[in-house]
Amino acid sequence: MKLSREEHQRGVLYWDPPIEGVSFFTGTSDSPGDQEAPLAGPLNDAQGSKVLSPPHQYTKLALQLADPTAVDRIENIRWERENVTQVWTEGLAAPPTKLVFVPDLGVFHRRVIAVPYLDWSEDTVIRLDGTLVRFVTGEMRGEQVTPFDQVSAEGAKWVIEGGGMEAASAEGRFIEVVARGETEREAQLLVQSVLGLIALAMGDHAAGEVVFAEDYQASREQQQGKVYVPVKTLVPRAAGHDEIDTIDALLPFILESSRASRARALSLRWYEKGIRSATPTDKLFSFFIGVEAIVNYWASTNSPIPVVQERLARFEAAMELAATLGDEVKQAVRQRLIDSTLTERVQFYAESHKLDTAFVDDFRVTTQLRNSAVHGDLAAVDETAASRCKRVLSAIIRCEFGVAEEFEWEQHGTIFGASLTYTLDAAGVMRYGEAAERTD
């Protein structure tokens, strides 16, 4: 359903199940309990009837039934308006649940993108099931966070401070996407996918800066929100002379003109990109590509690898049969036999460099998560998974530089952010909050 912003401000009424002879009437006013507010209707489409009443703050709802017993069969009534939704789950006799920023009960992710270089002729709203897309000019409200950006020492401990949160508003042109999922991660993925579709249709100008990003769990009893607070500083540390000496000693390994050097340089480029990436999934993909750059080079330089040689010997009869069908078929069969999988190439690299089984186990887990994410499954890619892939790439790079036995680079713990949860009252005001750190 496509709506103008004015239509969405008046709202859309839904109810379930659709029953013959059911009609709703709506009324709105600027004063609570205004009995003189006129009723507008009838509204007859249970799948989404556009409300005709003006977009005033206070609302009332009336029901007309051809069969009076049908009132007991209506299980869910929902009046969705811009930023506020009312849900009746126990009939009109009980007060509705008021939701802020989400169109229904459930688990949602909301993201607001500022697009100052993109314009449209009129504000528009698109609604489909649990997904809401708005193109808005003017004010946008949400929960704004400030990053953890202050570091101080307290004895032997370092303290990171900041991370405040407050209701805020912004002015400009915005794209807002709200999507529902079975889990927070699924809802986030759906929002990102919708934003990708918008960027595909509208171009790069639609990929603006994120202004608000919030998770919500809305139930009949309460609506709980969550935002993630980034860390924009690191705990200070002193670089040792040995670390600078290491850079001096290893720089030739990526500057020399050779295929091996180019593979190492490419893997380091993805290592650096992974560290800079904002999300665990982006980090995992970056580190994974860095792994591929090295093991693919190693396998091609030392081909055919043992597992391929064994396969060729095992299927020699198949090769002879393929030869009778022509050179093209023979070449196709041979190519299928000599094509090693990435896991086989990593296993070969690990055996060649005497890496322990933990390395291979880490890579197998990483591969499963990466494949699930690439093929559309909802993989649980978190900071732990990204760090696992980072360890795999670090081990390979140490092998390439020939320093695996000489020294180990010290691992420094990093705080990536905190999650702040809060409960919203009927007016959308935060009532309390709590924090949980996420570290690697």
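Hi everyone. Let me start with one term: a residue counts as buried when its relative accessible area is under 20%. Keep that cut-off in mind as we look at this structure, which is a predicted model.

Our opening stop is Glu 400, in helix H12. Is Glu 400 buried or exposed? Its relative accessibility is 8%, and because the cut-off is 20%, Glu 400 counts as buried. What does the side chain of Glu 400 meet there? It makes a polar contact with the side chain of Arg 264, at 3.1 Å. If we set aside neighbours within four places in sequence, the contacts of Glu 400 are Phe 253, Arg 264, Ile 294, Tyr 297, Tyr 349 and His 353.

Now let's move to helix H11, which runs over residues 357-374. Which residues of H11 are buried? They are Phe 359, Val 360, Asp 362, Phe 363, Thr 366, Thr 367 and Leu 369. As a reminder, residues three or four places apart in an α-helix point the same way, because there are 3.6 residues a turn.

Not counting residues up to four places away in sequence, Ser 286 touches Trp 270, Lys 273, Gly 274 and Ser 277.

Note on methods. Residues numbered from 1 in each chain as written. Predicted model: local features only at pLDDT ≥ 70, side-chain atom pairs only at ≥ 80, totals over all residues. Heavy atoms only, no water. Helix = DSSP H or I, 4+ residues; strand = E, 2+ residues; numbered from the N terminus. Expected span 1.5 Å × (residues − 1). Buried < 20%, exposed > 50% of the residue type's maximum accessible area, 1.4 Å probe, protein only. Polar contact = N/O pair within 3.5 Å; in protein donor to acceptor, adjacent residues only side chain to side chain. Contact = heavy atoms within 4.5 Å.
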